[in-house]
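Here are some notes for a colleague who is opening this entry for the first time. Please read them with the model in view.

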Amino acid sequence: MSMKPMITRRGLLGTGAAAATLTLATPGLLRASTFPEGNINVYIPTSEGGGADRNFRAFSSVWKEKLGTDFEPGFYPGASGRVGYEIYMGKADPDCYNLIFGNMGPEVLNWAMQEPSFDVNDYFYFGQVDKDPCCLFVGAESPLQTMDDIIAAAKTRKLNVGTSRMAHPASIGLLALGDKLGIEFNLIPLQGGKSTVAGAVTGEVDFSVLTSGSVIAAGDSVKTLLVFGNNIVGEALDNAPSINDAYDMDLPEMLSARAFGIHKKAADDNPDRFEVLTRTFKETFEDPKLLEAYVASRGTPEYLQYAGIEECAAFKSAMLELGARYKSLLSGA
Amino acid sequence: MDSSTASILAEVFFETLGYWYIIIPTIFLGLIVGGIPGFSAANTIIILMPLTLALDLQSGLVFMISLYCSARMGAGIPAILVNIPGTAGAAATPLDGYPMAKQGKGQQALAISFVASCIGGLLTTMIALATMPILARVGFYMHSVEMIVVMLFGISLIASIAAQDMVKGLIAGFLGLMIGSIGTDVVYATPRATFGFLELYDGVPLIPALVGLFAVSEAFVIIEKRVIVNHTNEPKAPNWTDTFDGVRIALKRWVHIVWTSIIGLVIGVIPGAGASIASFVAYQQSRSFSKTPELYGTGHPEGLIAPESANNGVTSGTLVPLLVLGIPGGATAAIMLVVMQFHGVSFGPSLFEDQPKVGYGMFMAMAVSYVIMFLTILPLSRYMSHVTTVPTIYLAPMIIAFTLVGGFVPREYMFDMYLALAFGVLGYIARRTGYHVAAILIGVILGPLLEKYFLWSLKKSDGDIMVLFSSTLGNILWVAFAMSIILPIVFGMRRKRKLEVPAE
């Protein structure tokens, strides 16, 4: 009895070819469908315990549910944020598993003062978490309790003004105010938001300028007198007027805006992964849990504002331009 | 203190005692993370953040405070036994702690350190609780000008160390100050002496410098011996006598504990100042007004008590600006702020009106932790001291491996491991050629802080150097500083004269 072979040569070759094609194609298919397979590393260019830390934890607590993975923050403070960016750009793999969570205001302003070792176009921000205007505030016990007090005192002596770092939108707001009023202020870089608040509260400086989110978080210890943008939170910033309204100016809003950024190469090489990131990022904003988490972390709900790639790119570009304009005053050059 | 506050305090105290099942394991966790170079209460709280946030407010608070206190104390253990100060706050501990261990008095030294830490911590917690509104004002008077003088108190230790060999001591101190100036400048963030290394932009990282100069170089030295303990001082079998001896020695110097812990408390309440400043200032003050300054650095109990009491005094001090002003006094307090805010706690002037149990609860958690810590940790000194009898052929490689990992942990840069090794080689050469590594380290730790306050002062005065003498408190501190330099010399001369009289 002759037995007919179960698998013909042609069939074997055909099946083999199909299997090989499937095997080769599988990683690509899986990459798209299974991303992320591990935790996402987030480089934060400031120290733990600060505003960025608070903000990141609130946002990632909801985003991780959409993305189905955890976020691992790494803090790389130093040189006004430069260290964190240099490490992210120089050492993190551009594979969509590594993101940076930075501030599009002061940190981008930095590049205008001193060029980084990488091309600033090699990374971009794809999702803004929040945006808050900078403001001018005094300690609760300061003898200067109104803008009139400040202006009167500034006419008798040069006032010392605390700022988180020289290259900061708040510093630019203050310099613009000084220009308008014909007053010279002395900026003292107190190295970080906490120290800037402490400087105003304890009298190390006459008053301080900072992003308003950190000022609101400082509570009753401080009093806000002027906002370098629109005061959309009213009472939370002591109903302080906007600089443009108060002094008939036309200054663009001096903003701090925290956003997630990514290597350009990572997004170009892995469009499927990048799509997952941007989609889930946006979905996070639609979840009411985000607002709860943000408020629980002492965030100001009005500041929680989504912005996508284009808006972030416009913001970054405006900051670079502003930095170039004020470079000589902020860099000592 | 009115009756309602007293009843809240009593209530909170007993409630906190009820959390013993959290406090005891946390104390052991804190001792471990405090003892490992590179780990600290701050990064442990961060690592365990999901757990901390999942706990209810009171449990989370008790956990964080216990960890904070025990990690501070834990950092002193390897500093004493194997010359590894795990944090900058423990950098002054081995100056006298390690010589004691080498003399076979490791068990005594640990007991002295535990007693000084617990009493110092407990006492300053009570003082902070009672005088919170006054202490919170310290930050309003201690500005950059005043802080320059405080820094000089610590830095003047270099001169004391240099007393044995002035030229070598000053060279070592100057080298330390130069190393400390590496990094971006305070005002314009311009990189200086970074040699193109990005890892140095934020200055020389303290942990690799610390473990390199002290521990790695020590490992190179001890490998030439059989055990850490000197041959003439073979340790005895474990016994309770040495532990009780240590307790007795420390308790006999209770005034010293009180005095130096208050130095720690006052420095701790100043936002931005920390345990490293406090421990060096306390050590310097202790030495300056000691009847036996020549014994410092040779294994003198007072040289161990001073930094340990002071750095535990800082622990309670950092809570004051956090609770009263809403300004965290240090890194751990900043992390606590984040966690507490997640629980809806609002720090600042209104805290004691809105949530008094939270405010007082933090101090009570600290007090209870110190009491429980004293009872649980003291018996262990008997066993811990055996580390000094482990043959160096095992111990030295372990120290190097352990400290290199410790150097890596805070920033997770391979560069930091190489840096720790480089500092180890520098420390070894310094030891072999008679240069004091502590003088180098003081420059590395306090130099950048001195520079920061100095540049802030100059910037505030538009470059007028006379700003240094522009405040009343600053001037009082200058006088105190001058006295602390001159008086020991006068006392020393008088002692010398007295000693010479019988000879005549």
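1. The model is a predicted one. Chain B holds 26 helices and 2 strands. Its radius of gyration is 22 Å, close to the 23 Å that the globule rule gives for 504 residues, so chain B is as compact as a globular protein of that length.

2. Along the principal axes, the C-alpha atoms of chain B occupy a box of roughly 65 × 60 × 60 Å. Buried residues make up 58% of the 504 in chain B. Of the contacts in chain B between residues at least 6 apart in sequence, 80% link residues at least 24 apart.

3. Helix α8 (residues 106-135) and helix α21 (residues 356-377) of chain B have axes that come within 9 Å and cross at roughly 165°. That angle makes α8(B) roughly antiparallel to α21(B). The crossing of α8(B) past α21(B) is left-handed.

4. On the α8(B) side, the residues that meet α21(B) include B:F114, B:C118, B:L122 and B:M126. Their counterparts in α21(B) include B:F363, B:M366, B:Y370 and B:F374. Taken together, the residues of this contact between α8(B) and α21(B) are 14 nonpolar, 2 polar and no charged.

5. B:V387 sits in the loop between α22 (381-384) and α23 (392-408) of chain B. B:V387 has 17 other C-beta atoms within 10 Å, and is therefore partly exposed. Neighbours within four places in sequence aside, B:V387 is in contact with B:L81 and B:V82.

6. B:V387 and B:A130 are 257 residues apart along the chain, and their C-alpha atoms are separated by 40 Å.

Technical notes. Residues numbered from 1 in each chain as written. Chains lettered and ligands numbered in written order. Predicted model: local features only at pLDDT ≥ 70, side-chain atom pairs only at ≥ 80, totals over all residues. Helix = DSSP H or I, 4+ residues; strand = E, 2+ residues; numbered from the N terminus. Buried ≥ 20, exposed ≤ 12 C-beta atoms within 10 Å, placed from the backbone. Contact = placed C-beta atoms within 7 Å. Rg over C-alpha atoms; globule rule 2.2 N^0.38 Å. Axes fitted to C-alpha atoms, helices over the stretch in contact; angles between N-to-C directions. Parallel < 35°, antiparallel > 145°, perpendicular 65-115°, else oblique. Left-handed = near helix turned anticlockwise from the far one by under 90°. Nonpolar A, V, L, I, M, F, W, Y, C, P; charged D, E, K, R; others polar.
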